[in-house]
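Good morning, and thank you for the time.

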Amino acid sequence: MIIQTGMRTDIPAFYTPWFLNRLREGYVCTRNPYNPTMVTRYELTPEVVDLIAFCTKNPHPMLAHLEELALFGQYWFVTITPYGPEIEPNVPAMEAVMEDFRKISDRLGKECVAWRYDPIFIGDVYTSDRHIQEFTRIADGLAGYTDTCVISFIDLYQKVRRNFPEVNPVRREDRIDLGRAFAEIASSCGMRLKACGEGRELEPYGVDCGGCMTRDVYERALGRRLIVPRKKKKSQREICGCLLGNDIGAYDTCGHLCRYCYANADTHRVEENMRRHDPASPLLVGHLTADDVVHPAEQKSWIDPQISLFDSAL
């Protein structure tokens with residue numbers, strides 16, 4: 001199975017000690033965000049966890065501990081964007097994240113790391129021309145270290161509208177122009193451009209619209225075929241083929257405090273949850289209580305024991 005760590009928060013950036021403790025103890029617990037007394041326990045052992053997927057804007061705290069992850073397959077989605085601290089208050093400098101990206105690629109291989117350039121919004125400072133200029137600069141810096149770049153345009157969820165009220169949706173003509181330009185730039189740097197959650201709109205312009213966290217992506221990282229249970233094949237969103245379940249994070253815990261974030265409701269709630277974080281707890285926030293109902297997740301390896309991707313290529 002695949003364990004996701006980054007759909008709700010940024011674990012490498014802010015919770016690396018906690019995550020390493022969970023690996024050492026061999027399990028983790030996560031609350032249902034819609035029914036908090038319902039808690040799922042995941043075993044964190046290579047017998048049932050085939051791959052751990054990370055989504056982060058700052059992988060640096062985890063880099064010194066990659067050996068502790070060596071028993072598991074890994075896939076890293078690293079977001080690198082040109083936004084300043086007025087948009088991303090606590091994200092490290094772009095050049096530093098690019099350097100860490102290259103280190104991950106050197107350690108794991110370029111098939112195990114993807115660059116995310118998202119979400120894209122357009123304004124007086126971050127114009128279409130500036131996006132093309134900055135995208136080119138980052139792509140040049142990552143050429144040879146990944147074969148995948150993922151883009152998406154800002155979605156105006158309720159939390160986004162509240163925390164970033166001046167932002168506007170990106171017009172269709174701008175999405176087309178940027179998608180076409182990015183696809184050409186990415187291709188020139190040896191990358192395939194993928195669109196996340198954008199339907200098929202950019203497909204005629206050379207953009208892969210089939211999903212970014214798909215079975216194929218994880219199979220390439222593992223070098224093994226996966227037999228995904230039927231109930232896991234369907235994405236949470238109808239417009240892509242991604243495997244998005246089994247996330248061990250929690251909402252309202254990401255200290256980056258990006259204006260466009262869909263996972264944080266407000267700064268005060270994030271600050272309170274981060275104060276309640278205990279690196280020794282099986283939960284990311286707080287501790288288990290007598291009212292909690294803990295149930296074990298259904299877990300088993302998805303790796304096909306019969307054949308590897310390398311065998312099939314012979």
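Leaving aside neighbours within four places in sequence, F19 is in contact with T5, I11, I52, F54, M62, L69 and I248, where contact means heavy atoms within 4.5 Å. Before I continue, please note that this is a predicted model, in which local features need pLDDT of at least 70 and side-chain atom pairs count only at pLDDT 80 or more, while totals for chains, interfaces and linings use all residues. Residues are numbered from 1 along each chain as its sequence is written, and side-chain values use heavy atoms, with hydrogens and water left out.

Buried means under 20% relative accessible area, exposed over 50%, and partly exposed in between, with a 1.4 Å probe and protein chains only. Helices (H or I, at least four residues) and strands (E, at least two) are DSSP runs numbered from the N terminus.

I turn now to the sheet. In what order do the strands of the open sheet lie? The order of its 6 strands is 1-4-5-6-7-8, with parallel pairing; two strands pair if DSSP finds at least two bridges between them. Strand 1 (2–4) and strand 8 (192–195) each have a single partner strand, so one side of each is left without a neighbour in the sheet. From one strand to the next, the twist averages 25 degrees.

Consider some of the pairings. Within strand 5, V78 stands opposite T56.

Helix 5, residues 128–142, packs on the sheet and touches strand 6 (113–120), strand 7 (148–153) and strand 8. Its direction makes about 170 degrees with that of strand 6; axes are lines fitted to C-alpha atoms, for helices over the stretch in contact, and angles run from 0 to 180 degrees between N-to-C directions. Strand 6, helix 5 and strand 7 form a right-handed β-α-β unit, meaning that, with the strands pointing away from the viewer, the path from the first strand over the helix to the second runs clockwise.

Is strand 7 mostly covered or mostly exposed? It is mostly covered, with 6 of its 6 residues buried. T148, V150 and S152 point one way, whereas C149, I151 and F153 point the other way. Strand 7 is joined to strand 6 by 4 parallel bridges, and R116 stands opposite V150. On strand 8, which runs parallel to strand 7 and is joined to it by 4 bridges, L193 is the bridge partner of C149.

A separate pairing is antiparallel: strand 2 (residues 27–32) with strand 3 (residues 35–43), over 6 bridges. A hairpin through 2 residues joins them, and C29 has R41 as its bridge partner.

Finally, the cysteines. The structure holds 0 disulfides, a disulfide being a pair of cysteine sulfur atoms within 2.5 Å. For C112, the nearest cysteine sulfur, that of C55, is 14 Å away. C112 is buried, at a relative accessible area of 6%. For C261, the nearest cysteine sulfur is that of C254, 5.8 Å away, and C261 is buried at 12%.
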